[in-house]
Amino acid sequence: MHTALDVVGLVAEIFAWVGFGGAVFLGILTFALWAADGTWLPARGVVEPVGEGLVVRWIDDRGAINEAPLSPVDAAGLGGRDMADIHFRRGATGRMRLTAASPAVRGAGRLALGALILGILSLAVQLVVLFVQG
């Protein structure tokens with residue numbers, strides 16, 4: 001018959017495998033997303049109204065003037081400012097974002113870190129159960 005400590009140990013082992021396996025998978029996914037995202041460089045952009053929307057204009061690393069329309073969400077995030085710190089994609093015209101890192105890369109990285117923490121905590125629980133059982 002299994003004791004409560006045996007059950008806790010078995011459940012902790014399952015969570016440890018899921019945590020460490022998920023951390024490896026999500027870590028590889030994060031790296032792939034980061035590599036596919038490309039290089040984004042910082043710039044200072046000028047926000048101007050055009051028609052019914054807003055555009056951002058900036059000078060890229062080659063000295064060319066670029067512009068990109070702002071989404072309503074990005075425009076609301078700027079709060080009516082006429083200048084913005086942006087990041088533009090090296091080698092591409094008309095691509096910019098307000099954050100340095102991609103939200104997908106940040107999200108996958110945070111999930112990988114969470115899975116790693118789950119694995120470490122589950123391993124700690126396994127060790128405690130092992131020492132308690134003697």
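Residues are classed as buried at under 20% relative accessible area, exposed at over 50%, and partly exposed in between (1.4 Å probe, protein chains only). The model is predicted, and local features need pLDDT of at least 70, side-chain atom pairs count only at pLDDT 80 or more, and totals for chains, interfaces and linings use all residues. Residues are numbered from 1 along each chain as its sequence is written, and side-chain values use heavy atoms, with hydrogens and water left out.

Six salt bridges (a side-chain nitrogen of Lys or Arg within 4 Å of a carboxyl oxygen of Asp or Glu) are found in a search of the whole structure. One of them joins R97 to D37, with 2.8 Å between the closest N and O atoms. R97 belongs to strand β5 (residues 96–97) and D37 to helix α1 (residues 4–37), so that distant parts of the chain, 60 residues apart, are linked; helices (H or I, at least four residues) and strands (E, at least two) are DSSP runs, numbered from the N terminus. R97 and D37 are both buried.

E67 pairs with R57 in a salt bridge whose closest N and O atoms are 2.7 Å apart. Because E67 is in strand β3 (residues 65–69) and R57 in strand β2 (residues 53–59), the pair ties together parts 10 residues apart in sequence. E67 is partly exposed at 41% relative accessibility, as is R57 with a relative accessible area of 28%. In the salt bridge between D60 and R62, the closest N and O atoms are 3.3 Å apart. D60 is buried at 8% relative accessibility, whereas R62 is exposed at 53%.
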